[in-house]
Amino acid sequence: MPVQVLLVEDDASIASSLSEALHGQGFDVRHVTTGREAIAAPPGDVVLLDLGLPDMDGYDVCRAIRAVSTVPIIVITARGEELDRVLGLELGADDYVVKPFGFRERV
């Protein structure tokens with residue numbers, strides 16, 4: 001059974017390329033574009049979470065998912081300051097990757 005990935009990303013071009021690459025590696029990807037959709041969706045086996053979402057801050061999404069699940073959460077964001085990284089990890093993210101990144105860096 002393939003690994004189930006919940007991809008939370010509002011940028012269509014990033015989501016498309018990341019989904020395509022993940023599918024090519026055998027992952028099953030469910031893509032949502034808002035924080036509310038992410039919180040309502042089954043988290044799968046891993047969550048890839050952008051912080052800059054249109055309806056709410058990704059930190060709040062991270063906190064909400066972590067409150068109900070121990071699923072690994074990997075933040076993928078353009079917010080690269082040390083304070084941002086520390087906050088994301090303190091709120092329950094398991095890893096924090098700053099965009100842009102290479103696909104092989106994540107797989």
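Analyst: Here is a walk through some of the charged pairs. This is a predicted model, in which local features need pLDDT of at least 70 and side-chain atom pairs count only at pLDDT 80 or more, while totals for chains, interfaces and linings use all residues. Residues are numbered from 1 along each chain as its sequence is written, and side-chain values use heavy atoms, leaving out hydrogens and water.

Side chains of opposite charge can pair when their charged atoms come close. A salt bridge here is a side-chain nitrogen of Lys or Arg within 4 Å of a carboxyl oxygen of Asp or Glu. The whole structure holds six salt bridges.

Let's start with R36 and D55, whose side chains meet at 3.2 Å, N to O. This pair links distant parts of the chain, 19 residues apart: R36 sits in helix α2 (residues 35-40), and D55 in the loop between β3 (46-49) and α3. Helices (H or I, at least four residues) and strands (E, at least two) are DSSP runs, numbered from the N terminus. R36 is exposed, at 57% relative accessible area, whereas D55 is partly exposed at 26%. For these words, buried means under 20% relative accessible area, exposed over 50%, and partly exposed in between (1.4 Å probe, protein chains only).

Next, D50 and K99 form a salt bridge of 3.4 Å, N to O. D50 lies in the loop between β3 and α3, and K99 in the loop between β5 (95-98) and α5 (103-106), so the pair ties together parts 49 residues apart in sequence. D50 is buried, with a relative accessible area of 6%.
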